[in-house]
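Please look over the sequence and the structure shown here before reading on. The report after them is meant for a reader who has not seen this structure before.

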Protein chains: 2
Amino acid sequence: MRNNSLIVIGGNGAGLSAASQARRIDPEMEILVLEQSPYLSFSACGFPFYLRGLIPEFKNLFILSPQKLEEKRRIKVLTQTRVKEIRPKEGLIIVESAPGREFSLSYQKLLIATGALPVLPPGFSLSENEFALRSAGDAEKLDRYLKIRSPREALIIGGSALGLEIAESFFHRDIKVTLLEAAPHLLPSFSALSGELAARQLQERGIRVLTKEKIVRIQNRGRRIIAHTASGNALEADFALWAAGVKPEVGLAEQAGIALGKSGGILTSREMRTSDPHIFAAGDCAEYFNPVNRKGVFFPLGSAANRSGRAAGNAIAGATDEFPGVLQSLAFKIFDLEIARTGLSATQAGQDFPGFQIHQTGVQNKPRYLPDSSELQISLLFDPRDEKLLGAEIAGKAGAAQRINVFAAALSAGFTLSQIQKLDLIYYPDFAPVWDPILYAAGEALTKK
Amino acid sequence: MRNNSLIVIGGNGAGLSAASQARRIDPEMEILVLEQSPYLSFSACGFPFYLRGLIPEFKNLFILSPQKLEEKRRIKVLTQTRVKEIRPKEGLIIVESAPGREFSLSYQKLLIATGALPVLPPGFSLSENEFALRSAGDAEKLDRYLKIRSPREALIIGGSALGLEIAESFFHRDIKVTLLEAAPHLLPSFSALSGELAARQLQERGIRVLTKEKIVRIQNRGRRIIAHTASGNALEADFALWAAGVKPEVGLAEQAGIALGKSGGILTSREMRTSDPHIFAAGDCAEYFNPVNRKGVFFPLGSAANRSGRAAGNAIAGATDEFPGVLQSLAFKIFDLEIARTGLSATQAGQDFPGFQIHQTGVQNKPRYLPDSSELQISLLFDPRDEKLLGAEIAGKAGAAQRINVFAAALSAGFTLSQIQKLDLIYYPDFAPVWDPILYAAGEALTKK
């Protein structure tokens, strides 16, 4: 390849954002993307919506095609091409395009965007009636199973956002769901209140929710499974979906001697450069910088993947454009309930801001005189010494999720509660009361401090 | 009255926010609110929703009662009590509680919160079939007319947000509407695009929209009116609603020698103090500080009234709490269309930032693969020299209005387009594509600069 060349390992959000951004800045750079699966540019977050029947065809979940990337952005793509090894000293990678067919490619710049893998507890592996959900291949496998077998009963292991979203999708397909979570409440990285509100949404629709239940063994009996829990329960279903978390896919990086961070992801600079100056990492496999506690964080989400990919693309193409890092902004919806957060969780805040406070309040999302006025639950985490916001969480009906973005902007600005309370936000009965819940919550937190 | 005393002239958002905030800070202060009408604490913004039948009773539009203010906040209220004169040198006001029954009250601190009045063009006055809409009394008069007369045809004069909202309310009551606007497009303080999108919403439902039409005369013929326009049209209807703007009610202030600002509102300091150190002003009658162009602005909206009232209450009670002013954040909805803006309008920007640029772009509010994905129109105003945001406008379906608050926070933080583009906003198919429209629009504006 030419002197000015980039090889990207991984053809999803991070990899393709980086490639596209590098192309925008440098029209001459040679750019090659290698993807081990047959799939490119898969919207994993769209899959639950596909399962609900909202998206007509599975192929709609693929955003960019190799043809489009080649034609519009002059980015070459090889799918079904697995990178076996990175040799940083020689500046080359060993690639397998078919079993036994290996070749090497030299790079000037390399981006590792290998993503994350679903986690199973030690000793477990997927049987034919068990599924995980991360890659397009995982999704396709589950989709095929649902179509061919038309199962009636599912066990979802893990009360994560993904577990809950899939529970809703199965509900819409008339599949009976039992959802298990080992922690005391669903959504363990959120507040107990959000977890309980989410549980209520599921239970009201007949979905069985079991917390403090840990799977110890799964028996596979032909077309049925039996899951045994630590408390002695035996739960039968047609199939199980594992949604118990993911971990960064860092095998290639580790083997190549590239440093990992404390979060388990690949250690990166503020411009997404790894410990090797010619190698960058972005997306779920990389450790992100969290500007609130100034620590590294693993945060496997599409927005962070795209943002960090873009930042890597900037640095690779020589642009000096600071990447502010990842606030862990996150939102999803379970039936009528929107849940969102940004900034530090209570666990994170506890480590670095030992005197931090949480103020939790219920605020109407619209004036009470409107019939569809309902309560938003807002939790604000802040440092009482300087009154600076550390994090926020909102749960409620319409308007909960979009509001978290205001807190994200406030975190980026380093605003205090008092500055947030004085923001000039919109007032219109169908959108907000005269004091928006954001302003009200900030004011309350200040008063009750 | 006692030494530590406050008299508030005007019992709506600004006056009651100020009184309540002063009480929060100073539990001992004597606080008296004087309101000339029989009504207190009226939600004018809720009235269009009441007209649509969404709010069962007119009285639901009153948020606080004199009883509640007295019991919970120890704020005394006198309604139907008109202030005739302020005598700053003597520190007293002349009050009329019934025709010919006058008395005087002395104050330590005085707050003028007299609001705004509807504007009619010179030479016009309201006949019995013509209505204006600002106060609770105006609303009640219109409500009574609609109930008693059951009119079938309305003329709305003025394509302001209020005019459009009332047009929608009349549509829901099966009243045929003709809407007139003198400017070339509806919503003249917004972009032409927003005005056209709004016009389409109305026209699709059979509401007649006439722009560049100026009323020159209205004939009142018993139970009908005929409005004649400058272009020679004669428009017949049962009644007319004037929604052609409002002006600050500054009569008392002017008479007392209190300085007015260029906007016509009462000149105020950053803490809402007038040219008389013992007299404050807040709400629609006051001129606000706009931090973007650092100029005074007239901005008759409930949120600004409450915020400035609260700031005045702080200052009156001796708190040192800086009020950042008013960004003119504003939102409303016409049928399916949300329209919102914050910061400077193009006209305002043109005065103080002559090289300013506008970037207008259409962005999907959700990933294209979702069936209810639709386009938001986002206009960003910025100063190309430092790339700082000056203002933003959004029009579109669900999610347009709440997003303007992120731009409001960005304006408060003084963010550049590049800082906005790098915000960590939520991504979830039902709420936003992987690059939120906010991020996309900021990036586009930077690229096309």
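## Helix packing in chain B

The model is a predicted one. Two packed helices are described by the angle between their axes and the distance between the axes. In chain B, helix 1 (residues 13-25) packs against helix 8 (residues 302-316) at an angle of about 35°, and their axes are 7 Å apart. The crossing of helix 1 of chain B and helix 8 of chain B is right-handed.

On the side of helix 1 of chain B, the residues in contact are Gly13(B), Ala14(B), Ser17(B), Ala18(B), Gln21(B), Ala22(B), Arg24(B) and Ile25(B). They meet Ala305(B), Asn306(B), Gly309(B), Arg310(B), Ala312(B), Gly313(B) and Asn314(B) in helix 8 of chain B. By class, the residues of this contact between helix 1 and helix 8 of chain B are six nonpolar, seven polar and two charged.

## Aromatic pairs

Over all chains, a search of the whole structure finds 32 aromatic pairs. One of them is the stacked pair of Tyr39(A) and Phe62(A), with 5.6 Å from centre to centre and 10° between the planes. Tyr39(A) lies in the loop between strand 2 (30-34) and helix 2 (47-51) of chain A, and Phe62(A) in the loop between helix 2 and helix 3 (66-73) of chain A, so the pair ties together parts that are 23 residues apart in sequence. Tyr39(A) has a relative accessible area of 17% and is buried, whereas Phe62(A), with 22%, is partly exposed.

In chain B, Tyr39(B) and Phe62(B) form a stacked aromatic pair, 5.6 Å centre to centre with 10° between the planes. This pair links distant parts of the chain, 23 residues apart: Tyr39(B) is in the loop between strand 2 (30-34) and helix 2 (47-51) of chain B, and Phe62(B) is in the loop between helix 2 and helix 3 (66-73) of chain B. Tyr39(B) counts as buried because its relative accessibility is 18%, under the 20% cut-off. Phe62(B), at 22% relative accessibility, counts as partly exposed.

The charged end of Arg52(A) is over the ring of Phe49(A), 5.0 Å from its centre. In chain B, the charged end of Arg52(B) sits over the ring of Phe49(B), 5.0 Å from its centre.

Gln402(B) belongs to helix 10 (residues 400-413) of chain B. Is Gln402(B) buried or exposed? Gln402(B) is buried, with a relative accessible area of 10%.

Leaving aside residues up to four places away in sequence, Gln402(B) touches Gln402(A), Arg403(A), Ile426(A) and Phe431(A). Gln402(B) and Ser191(B) are 211 residues apart in sequence, and their C-alpha atoms are 19 Å apart in space.

## Positive phi angles

Met272(A) is not a glycine, although its phi is positive, at about 70°. Met272(A) is located in the loop between helix 7 (251-255) and strand 18 (279-281) of chain A. With a relative accessible area of 1%, Met272(A) is buried.

Asp174(B), a residue other than glycine, has a positive phi near 60°. Asp174(B) is in the loop between helix 5 (161-172) and strand 11 (176-180) of chain B. Asp174(B) counts as exposed, at 60% relative accessibility.

Definitions and conventions
Residues numbered from 1 in each chain as written. Chains lettered and ligands numbered in written order. Predicted model: local features only at pLDDT ≥ 70, side-chain atom pairs only at ≥ 80, totals over all residues. Heavy atoms only, no water. Axes fitted to C-alpha atoms, helices over the stretch in contact; angles between N-to-C directions. Helix = DSSP H or I, 4+ residues; strand = E, 2+ residues; numbered from the N terminus. Left-handed = near helix turned anticlockwise from the far one by under 90°. Contact = heavy atoms within 4.5 Å. Nonpolar A, V, L, I, M, F, W, Y, C, P; charged D, E, K, R; others polar. Phe/Tyr/Trp six-rings, centres within 6.5 Å; stacked < 30°, edge-to-face > 60°. Buried < 20%, exposed > 50% of the residue type's maximum accessible area, 1.4 Å probe, protein only. Lys NZ or Arg CZ within 6 Å of the ring centre and 35° of its normal.
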